[in-house]
Amino acid sequence: MKILLVGASGTLGSAVAQALDARGHELVTVGRGSGDVRLDVSDPQAVGRLYERVTGLDAVAVAGGEAVFKPLDALSGDDFTATLRTKALSQIELVRQGARHLAPNGSFTLVTGILSEEPVAGGAAASAANGAVEAFVRAAAIELAPRRVNAVSPTLLTESVEAYGDIFAGYEPVPAASAAAAYVRSVEGRHTGRVYRVGF
Ligand SMILES: NC(=O)c1ccc[n+]([C@@H]2O[C@H](COP(=O)([O-])OP(=O)(O)OC[C@H]3O[C@@H](n4cnc5c(N)ncnc54)[C@H](OP(=O)(O)O)[C@@H]3O)[C@@H](O)[C@H]2O)c1
C-alpha cells in the first residue's frame, strides 16, 4: 500500500516507519523539518497542499503531535489552543480533507495516548486533545465507510522514559515497536472506529 506517514522521524514514528516498511508498504513521510514532504499539518491550507501533491494514497498514518505540559493553573487559553490545534485539529483536518483523496478501501490511523484515560498532573491540555481525537474517531467511522479510521493510544514509550519518566511516575512503559504493531493492525486489518490501547 502507499501510505502517508506524518511524524516518521519521531520516537514513535520511526518505529511505525520500520514496521510498515517491513510489511512491504511504500511510505511517503511528512514532517515540518524532516521527511519526503515538509510542511506543518497544523495548518489546514498546508494539509490541502499535501493532498494535492501526494496522490494515489491507500492509507494515512499519524505519529506526530505536540502538547503543552503545565500545571492547570499555569495553562493559558493559548496553551490549550496550541495543543488542540497541533494534536487534535491537525489530525481531524488530515481525515476531513483526506477522505476524498483516499482509495475507497483506504484507512486513517491517528495517534492519541494514555492521558485520555489515565491523567497526570500537568497533562490537562494533552488529555483534552486525546479525548477529542478519540471521540472524533468513533464518530467519523460511521460516515467514512467503506474507508476506515482508528486511533493508537500508547502508554509512555520506553524510548521516552528519559524525557517524560518523571511526569509519568508509576506508568509501565512499552517499546515503541509495540505501538507500531497496532498501526499495522489498523492499516492492514478491517477494524474501524477503534482506539487501540497499547500497554494499559
Ligand atoms: N513518546 C511517548 O511516550 C508517547 C506516548 C503516547 C503517545 N504519544 C504521542 O505520539 C505522538 C508522537 O510522539 P513522539 O514522542 O514520537 O514525538 P516526537 O519524537 O517529538 O516526534 C514527532 C514527529 O512528528 C513530526 N511533527 C510534529 N509536529 C508536526 C507538525 N505540526 N507537522 C508535521 N509534522 C510534525 C516531527 O517532525 P518535525 O519535527 O520534522 O516536524 C516528528 O517526526 C504525539 O502525539 C504524542 O503525544 C507519545
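Guide: A crossing of two helices is called right-handed if the near helix is turned clockwise from the far one by less than a right angle, and left-handed if anticlockwise. The model is predicted, so to speak of a local feature requires a pLDDT of at least 70 and side-chain atom pairs count only at pLDDT 80 or more, whereas totals for chains, interfaces and linings use all residues. Residues are numbered from 1 along each chain as its sequence is written, and side-chain values use heavy atoms, without hydrogens or water.

Let us begin with α1 and α6, the latter spanning residues 176–188, where helices are DSSP runs (H or I, at least four residues; strands are E, at least two) numbered from the N terminus. The two axes, which are lines fitted to C-alpha atoms over the stretch in contact, with angles from 0 to 180 degrees between N-to-C directions, come within 8 Å and cross at roughly 55°. That angle makes α1 oblique to α6, since angles under 35 degrees count as roughly parallel, over 145 as roughly antiparallel, 65 to 115 as roughly perpendicular and the rest as oblique. The passage of α1 across α6 is right-handed. On the α1 side the contact (heavy atoms within 4.5 Å) is made by Thr-11, Leu-12, Ala-15, Val-16, Ala-19 and Leu-20, and on the α6 side by Ala-176, Ala-177, Ala-179, Ala-180, Tyr-183, Val-184 and Val-187. By class this contact holds 12 nonpolar residues, one polar and no charged, with Ala, Val, Leu, Ile, Met, Phe, Trp, Tyr, Cys and Pro taken as nonpolar, Asp, Glu, Lys and Arg as charged, and the others, Gly among them, as polar.

Helix α3 takes part in two further pairs, with α2 and with α4. The axis of α2 (residues 44–53) comes within 10 Å of that of α3, and the two cross at roughly 45°, which means that α2 is oblique to α3. This crossing is right-handed. Here Pro-44, Val-47, Gly-48, Leu-50 and Tyr-51 of α2 meet Glu-93, Leu-94, Gln-97 and Gly-98 of α3, a set of five nonpolar, three polar and one charged residues.

With α4 the geometry of α3 is as follows: the axes come within 9 Å and cross at roughly 20°, so α3 is roughly parallel to α4. Their crossing, too, is right-handed. From α3, the residues Phe-80, Thr-83, Leu-84, Lys-87, Ala-88, Gln-91, Ile-92 and Val-95 meet Ala-124, Ala-125, Ala-126, Ala-128, Ala-129, Asn-130, Ala-132, Val-133, Phe-136 and Leu-144 of α4. These divide into 14 nonpolar, three polar and one charged.
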